[in-house]
Amino acid sequence: MADRVAAEIAAGRLRPGDRLPTQRAFARSHRIANSTAIRVYGELVRRGLAVGEVGRGTFVRAAPPSPGHALAEERTPEPETAMQAGTSGSAPTTSGAPAINLELNYPVAEGQSELMAASLAGLLRPDVLEAATRPAAADGTPAAREAAASLLARGGWRPHAGQLLFAGNGRQAIAAAIASFVRPGGRLGVEALTYPLVKAVAERLGVTLVAIEADDGGLSPDALYAAHRRAPLSAVYVQPTLHNPTSVTMSEERRERLAAACEELDIGAVEDTTWAFLAPEAPAPLAARVPARTVLVDSLSKRLAPGLTTGFLAAPVSRTSQLAEALRSGAWTAARFNLEAATRWITDGTVATVEAAKRADAEDRHRLVRRRLAGFRVRTEPRAYYCWWELPAPWRTDTFVAAAAARGIAVSPGRAFAVPPYAAPDAVRIGLATPPVEVLSYALRTLAEVAEQGPPGRP
């Protein structure tokens with residue numbers, strides 16, 4: 001079968017850069033098993049005829065491979081690596097970049113595209129499509145607000161429609177929320193390890209980030225008080241549920257103390273719940289405890305797919321006008337078509353179905369972490385799609401990241417999350433969501449081998 005595809009390439013019927021069918025489609029069209037299709041694509045990569053690109057698929061290679069580059073050639077005896085070629089996030093690239101990217105973290109559930117396509121059928125009617133392609137205001141449509149309210153409800157809390165605004169994606173929602181609380185030159189408290197995008201947003205907005213110590217229970221309210229005493233804060237950015245990168249979920253008691261601190265210090269809170277859909281049993285959000293001070297932000301990208309980037313903001317009614325202005329001035333409002341699609345996916349149960357599938361998938365991948373990285377200091381939680389690995393001595397972060405890259409695996413260095421970067425611990429974050437399970441298993445095992453072998457030239 002691989003010879004047939006190779007012949008098509010040699011004859012010019014498949015040209016460099018042409019995208020090959022998905023493995024599932026290839027299997028159907030040739031009436032073979034999916035596992036056979038995986039092996040066919042693996043053979044094409046091994047020969048240097050094809051290359052996989054993260055999140056895009058498998059393509060006819062544009063240039064001959066460099067000697068010894070293909071991961072499949074280096075490790076063909078391993079049964080798990082035979083499944084890597086041609087799968088998202090797993091095949092080697094022509095640029096020499098790591099073949100398995102564990103920096104990216106884009107969960108995709110089996111069959112979600114078919115579910116989503118069925119939901120959109122009604123949207124393609126000409127009359128419906130005409131309405132869906134009109135401009136949308138920052139507060140969306142009544143149907144979108146009701147759908148978003150049901151999506152964000154948790155722990156007995158549900159925002160009302162008048163609180164809801166929409167951004168083009170979750171990142172823009174975060175930026176608008178921060179801008180509404182903190183003026184240029186102001187101070188924003190964040191966990192000492194925080195979502196890297198917040199660092200970039202703060203720099204663009206002229207906002208100073210202040211690292212707040214955290215422990216095994218999350219951000220420390222006592223440390224928040226201390227930081228505010230040193231110099232007043234305007235707000236705090238927090239991820240109370242499945243904190244990225246440590247996966248810590250705050251307890252009920254910790255959330256109450258943090259809410260009380262925001263009230264006493266007279267500061268706002270930007271509450272990021274992007275990953276909270278993986279832990280529906282978590283306590284109610286800060287927005288339920290200090291509703292007049294909290295802007296809750298969320299998005300569809302992790303729930304459904306990375307390209308579906310509608311962002312949600314649940315804000316105090318007193319702040320919605322200010323937030324709407326921030327969204328408009330930044331050109332961050334959501335497209336009407338995206339809102340119509342999101343509304344359909346939420347109301348017909350598509351989002352709930354995909355969320356459930358991803359929760360089960362995250363638990364499966366967590367079990368791999370426990371097995372492959374047993375004996376190491378790894379912080380994670382069964383519902384999380386990432387883990388925080390405190391590296392064993394004498395490893396340093398940069399050395400380990402380079403050693404992992406030499407084995408074809410990209411991981412996120414701790415400094416990407418640290419505020420300030422020079423205070424970063426010797427640790428890495430591993431994204432678990434993007435590669436297929438078989439590829440993830442291989443990658444984790446390989447990283448464990450790298451850690452056990454120690455840095456080059458060191459025992």
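Where in the structure is the place of Asp266? Asp266 sits in the loop between helix H11 and strand E10 (268-272). The model is a predicted one.

**Aromatic pairs**

- The count of aromatic pairs comes to nine.
- One of them joins Phe166 and Phe312: the ring centres are 5.9 Å apart and the planes stand at 75°, so this pair is edge-to-face.
- Phe166 belongs to strand E4 (residues 164-167) and Phe312 to strand E12 (residues 311-314), so the pair ties together parts that are 146 residues apart in sequence.
- Phe166 and Phe312 are both buried.
- Phe376 and Trp389 also make an edge-to-face pair, at 5.0 Å centre to centre and with 65° between the planes.
- Phe376 lies in the loop between helix H14 (350-372) and strand E13 (377-379), while Trp389 lies in strand E14 (residues 386-390), so this pair links parts that are 13 residues apart in sequence.
- Trp389 has a relative accessible area of 0%, so Trp389 is buried.
- Trp275, Phe277, Tyr385 and Tyr386 form a cluster, linked by ring pairs.

**Helices H7 and H13**

- Two packed helices are described by the angle between their axes and the distance between the axes.
- Helix H7 (residues 142-152) and helix H13 (residues 336-347) have axes that come within 9 Å.
- The axes of H7 and H13 cross at roughly 45°.
- H7 and H13 make a left-handed crossing.
- On the H7 side, the contact uses Ala143, Ala144, Ala147, Ser150 and Leu151.
- On the H13 side, Thr343, Ile346 and Thr347 meet them.
- The contact residues of H7 with H13 divide into five nonpolar, three polar and no charged.

**A closer look at Thr343**

- Thr343 is part of helix H13.
- Is Thr343 buried or exposed? Its relative accessibility is 11%, so Thr343 counts as buried.
- Setting aside neighbours within four places in sequence, Thr343 is in contact with Ala143, Ala144 and Ala147.
- Ala143, Ala144 and Ala147 are in H7.

**Helices H8 and H12**

- Helix H8 (residues 170-181) packs with helix H12 (residues 320-329) at an angle of about 125°.
- The axes of H8 and H12 are 9 Å apart.
- H8 and H12 are therefore oblique to each other.
- The crossing of H8 past H12 is right-handed.
- From H8, Ala176, Ala177 and Ser180 take part in the contact.
- From H12, the partners are Gln322, Leu323, Ala326 and Leu327.
- The residues of this contact between H8 and H12 divide into five nonpolar, two polar and no charged.

**Cis peptide bonds**

- Most residues other than glycine have a negative phi, and most peptide bonds are trans.
- The bond from Ala393 to Pro394 is cis, with omega near 5°.
- Pro394 is in the loop between E14 and helix H15 (397-406).
- The bond from Val419 to Pro420 is cis as well, with omega near -10°.
- Pro420 is in the loop between strand E16 (412-413) and strand E17 (427-431).

**Positive phi**

- Leu242 is not a glycine, and its phi is positive, near 55°.
- Leu242 is located in the loop between strand E9 (235-238) and helix H11 (252-265).
- Leu242 has a relative accessible area of 1%, so Leu242 is buried.
- Asp266 is another residue other than glycine with a positive phi, here near 60°.
- Asp266 has a relative accessible area of 55%, so Asp266 is exposed.

- Val45 is in helix H3 (residues 34-46).
- Val45 is buried, with a relative accessible area of 1%.
- How many residues apart in sequence are Val45 and Thr353? They are 308 residues apart in sequence.
- In space, Val45 and Thr353 are 34 Å apart, C-alpha to C-alpha.

Note on methods
Residues are numbered from 1 along each chain as its sequence is written. This is a predicted model: local features need pLDDT of at least 70, side-chain atom pairs count only at pLDDT 80 or more; totals for chains, interfaces and linings use all residues. Side-chain values use heavy atoms; hydrogens and water are left out. Rings of Phe, Tyr and Trp (its six-membered ring) pair if their centres lie within 6.5 Å; planes under 30 degrees apart count as stacked, over 60 as edge-to-face and the rest as tilted. Helices (H or I, at least four residues) and strands (E, at least two) are DSSP runs, numbered from the N terminus. Buried means under 20% relative accessible area, exposed over 50%, partly exposed in between (1.4 Å probe, protein chains only). Axes are lines fitted to C-alpha atoms, for helices over the stretch in contact, and angles run from 0 to 180 degrees between N-to-C directions. A crossing is left-handed if the near helix is turned anticlockwise from the far one by less than a right angle, and right-handed if clockwise. Contact means heavy atoms within 4.5 Å. Ala, Val, Leu, Ile, Met, Phe, Trp, Tyr, Cys and Pro count as nonpolar, Asp, Glu, Lys and Arg as charged, and the others, Gly among them, as polar. Angles under 35 degrees count as roughly parallel, over 145 as roughly antiparallel, 65 to 115 as roughly perpendicular and the rest as oblique.
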